[in-house]
Amino acid sequence: MSTAEIARTAVGIIGNVIAGCMFLSPVPTFVGICKKGSVEQYSPVPYLATLMNCMVWTLYGLPMVHPHSFLVVTINGAGCVVEIIYITLFLIYSDRKKRLKVFLGLLLELIFIFLLSFVSLTMLHTVNKRSAVVGTICMLFNIGMYASPLSIMKLVIKTKSVEFMPFFLSLASFGNGVSWTIYALIPFDPFIAIPNGIGTMFAVVQLILYASYYKSTQEQIAARKNNGKER
């Protein structure tokens, strides 16, 4: 094994660990949701986007699509399981209107990944063609996953509160983007490098927003508690 291959494997393992932390970072959020019995203003979009992203990357990493990508398959396969659990909790604790939207979104994603798998494995007859087609789609969905918190970022700016933008998810997204960008440079894989580079920038914006509105968030939470005591 060459030095470059050893370095790539090492960075890939680190990327797996950081990505695993990213997938698990919303656990405290969902513990709170279960305790309150409601998803409140939390958005299902980041979790649906992450599930779609994990499914297409799992397909990309298969030996018959893009050989020698075992580390891509392991972490994204695990990510699929974790995100399905989160989405299930959204279905349980959402109101009827939001539950229907989440269910339809999930259904469309499953139909899409089935069709993509079918077309890739039966109509594209070389590894290069499969890698190019699936890789391009992966790139788009990966950018979509990183951009999915934009709706929450809009809410943060409007309310001057980061209460519904989980900090650890933003932090883990930053670490994940950096590690997989480095992984994609040894050797260069544009399908991994480009979306994760862009994702790193999105995560930086989220962290800046968190730092900017953390104080006002604490003030709003304290004000609500004081109003509750007065009643």
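Modeller: A residue is called buried when its relative accessible area is under 20%, exposed when over 50%, and partly exposed in between (1.4 Å probe, protein chains only). The present structure is a predicted model, in which local features need pLDDT of at least 70, side-chain atom pairs count only at pLDDT 80 or more, and totals for chains, interfaces and linings use all residues. Residues are numbered from 1 along each chain as its sequence is written, and side-chain values use heavy atoms, with hydrogens and water left out.

Biologist: Is His 68 buried or exposed?

Modeller: His 68 is exposed, at a relative accessible area of 78%. This residue sits in the loop between α3 (45-60) and α4 (70-93); helices are DSSP runs (H or I, at least four residues), strands are E runs of at least two, and both are numbered from the N terminus.

Biologist: Where does UniProt place the transmembrane regions?

Modeller: UniProt annotations may be inferred rather than shown by experiment. The unreviewed entry lists residues 6-33, 45-63, 69-92, 104-126, 132-152, 164-186 and 192-214. In the model, residues 104-126 are 87% helix and 0% strand, with end C-alpha atoms 33 Å apart. For residues 164-186 the figures are 74% helix, 0% strand and 37 Å.

Biologist: How many cavities of 30 Å³ or more are found?

Modeller: A cavity is a set of points on a 1 Å grid over the protein atoms alone where a 1.4 Å probe fits but cannot get out, and lining residues have an atom within 4 Å of a point. The search finds 3 of 30 Å³ or more. A volume is the space filled by probe spheres set on the points, and that of the largest cavity is about 170 Å³. Of its 15 lining residues, the closest to the centre are Asn 53, Trp 57, Asn 76, Asn 142 and Trp 180.

Biologist: Which elements line the second largest cavity with two or more residues?

Modeller: The second largest cavity holds about 150 Å³. Among its 13 lining residues, Met 22, Thr 50, Met 145, Leu 169 and Ser 173 are the closest to the centre. The elements giving two or more residues are α3, α6 and α8, and the largest share, 3 residues, comes from α3.

Methods: 1 Å grid on protein atoms, 1.4 Å probe; cavity = no way out; pocket = protein on both sides within 12 Å on 5 of 7 lines; lining within 4 Å.
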